[in-house]
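Work through the exercises below with the sequence and model open beside you. Try each task before reading its solution.

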Amino acid sequence: MIHIPLLLVLEYRILSTVVRKISWTMSANTAVFRIWKGSSTVTTFLWKSHKTFQTHRTVCISAQDRFYFSNVNQAENKVAVSQKTDWNKTMSEAEKIVGYPTSFLSLRWLLSDEIANVALHLRKLVGSNHPVLKTAKTIIYNGRNTQAFGLILLLISKAAGHLNAKSIEEDKAAGVLHSQRALAEITEMIRTSNLIHRGLVNINTDTGSLESSELNNITFGNKMALLCGDYLLSNCCTELAALKNQDLVLLISSALRDLCQAEFVARRDNQNFPIPSIPPEDRTGYALKEWTLLNTYGAASLLGKSCQSTLKIAGHSKEIEEKGYEFGKHLALAWQASLDLGLCINKDKGILHNLCAAPIMFHVEHDPSILIELDKGLESVENVDYLKVLEIVAAGPGIGLTKELVKEHSQKAMEILSVFKESDARKALSNIIVAIACKAKDLVCNCP
């Protein structure tokens, strides 16, 4: 079984193609968020500061639209939730629970001699537009977005606890096992290597339009992206084998397989950016099915199977392990739906690299005529008039349906948390879910 991840390195290396990372941060200017129970309405107070003045806004939501998270104590069905929607603050508070900043969880890997040599070579690309430079910047400067998987893994490990573990195996500072911390590092590095491999640029056979220096930069950048991604991935396989757990190897290997399969969902342009597939004659359920498949393979499978694996290490039952998988999957899907919503509402040009975002997919199901514009991107997504696409989507049901999608997956993730005993770690996980859901709600409220 130890050979399985090594074979997957080759498969992953061959199949990985360009899909760039889209990252986001929560709004930092929301001061208070409250839900009051005990009446037929829910009142949300939001204080927004803009430079030296403030505006105060009250939003009343009908009882049918109320969004309550399950009470972690099971004593009440509906509880008040007070949560700031500042993503970075939420993540910082969660990091305190595990005892150290997981933004630097795998810094010892990234600062190794091998990566230092790669960094020296990457300096030659400064001034070029190769995507691997943007990926490196995103990983370093936007760590709490790209490196949240390891934190979530440690939090669920601490929330669930461990059974019959020797004291020597426990990381006292974090409250988890050393093998669980190693698994968090493995998961984070698999995700990082995936992002780096997505920085590869497909070079067309007709290179006559490229200058010699530009072609050299692309080729050299591709070599660096491939080398760096493969180095991290091979280290993941070595560390995974060192855990000496066959079931763990199988689960993480299947997550690697899913990352490869994600590159073959939907249609693709010449740089492998996704474009919505042509829907069948009966379009019912088309958008949800296609979007869920793409994003389950792309990230949710990795987080879900990693959560399942960490509970397996702790000696929990099969039922609890399955709950861990479902939690990770729903959390990742809620997060991705919220990202998609932000790209569409903010009219971010990054949407060109994710034309299979949930609001667009829902609109294709509602009115396939939007494919006339989207099909212009079959050669290159840069040919798509993304502002026109987003205006069409804003006038349709896609935004509202995506908001419901975030709500649905957030609720499912929160319900699963009730399986674990009340603790700071579980509270931190619920705060992350609330922050994701509140961000989506805030985006829709501010939508022009």
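Contact means heavy atoms within 4.5 Å. This is a predicted model: local features need pLDDT of at least 70, side-chain atom pairs count only at pLDDT 80 or more, and totals for chains, interfaces and linings use all residues. Residues are numbered from 1 along each chain as its sequence is written, and side-chain values use heavy atoms, with hydrogens and water left out.

**Exercise 1. The chain as a whole**

Task: State the secondary structure, the buried share and the contact range of the protein chain.

Solution. 
- Step 1. Take helices as DSSP runs of H or I of at least four residues, and strands as E runs of at least two, numbered from the N terminus. The protein chain then has 17 helices and 6 strands.
- Step 2. Call a residue buried under 20% relative accessible area, exposed over 50%, and partly exposed in between (1.4 Å probe, protein chains only). Of the 448 residues in the protein chain, 54% are buried.
- Step 3. Take the contacts between residues at least 6 apart in sequence. Of these, 75% join residues at least 24 apart.

**Exercise 2. Two helix pairs**

Solution. 
- Step 1. Axes are lines fitted to C-alpha atoms, for helices over the stretch in contact; angles run from 0 to 180 degrees between N-to-C directions.
- Step 2. Read the first pair. Helix α2 (residues 87-98) packs on helix α7 (residues 149-160) at about 50 degrees, and their axes are 10 Å apart.
- Step 3. A crossing is left-handed if the near helix is turned anticlockwise from the far one by less than a right angle, and right-handed if clockwise. The α2 and α7 crossing is left-handed.
- Step 4. List the contact. From α2 come Met91, Ala94, Glu95, Ile97 and Val98; they meet Leu151, Leu154, Leu155 and Lys158 of α7. Sorted by type, the residues of this α2 and α7 contact are 7 nonpolar, no polar and 2 charged. Here Ala, Val, Leu, Ile, Met, Phe, Trp, Tyr, Cys and Pro count as nonpolar, Asp, Glu, Lys and Arg as charged, and the others, Gly among them, as polar.
- Step 5. Read the second pair. Helix α8 (residues 178-197) and helix α9 (residues 212-242) pack at about 160 degrees, with axes 8 Å apart.
- Step 6. The α8 side includes Ile186, Met189 and Ile190, and the α9 side includes Leu232, Leu233 and Cys236. The residues of the α8 and α9 contact divide into 11 nonpolar, 4 polar and 2 charged.

**Exercise 3. The nonpolar core and Leu374**

Task: Find which residues have the most contacts inside the largest nonpolar core, then trace the surroundings of Leu374.

Solution. 
- Step 1. Define the core: buried Ala, Val, Leu, Ile, Met, Phe, Trp, Tyr and Cys residues joined through side-chain atoms within 4.5 Å.
- Step 2. The largest such core holds 103 residues, and those with the most contacts inside it are Leu155, Ile190, Phe327, Ile351, Ile360, Leu374 and Ile436. Helix α12 (residues 318-345) gives the most to this core, with 13 residues.
- Step 3. Locate Leu374: helix α14 (residues 371-374). Leu374 counts as buried because its relative accessibility is 0%.
- Step 4. Leave aside neighbours within four places in sequence. Leu374 then contacts Ile275, Pro276, Leu355, Ile360, Val364, Val384 and Val389. Val389 is 15 residues away along the chain, with 7.7 Å between the C-alpha atoms.
- Step 5. Follow Val384, in the loop between α14 and α15 (386-394). Val384 is buried at 5% relative accessibility. Val384 and Glu373 are 11 residues apart in sequence but 6.4 Å apart, C-alpha to C-alpha.

**Exercise 4. Positive phi**

Task: Decide whether Lys244 and Asn272 are buried or exposed.

Solution. 
- Step 1. Lys244 has phi near 55 degrees, positive in a residue other than glycine. Lys244 sits in the loop between α9 and α10 (246-261). At 76% relative accessible area, Lys244 is exposed.
- Step 2. Asn272 has phi near 70 degrees, also a positive value in a residue other than glycine. Asn272 lies in the loop between β5 (267-268) and β6 (274-275). At 11% relative accessible area, Asn272 is buried.
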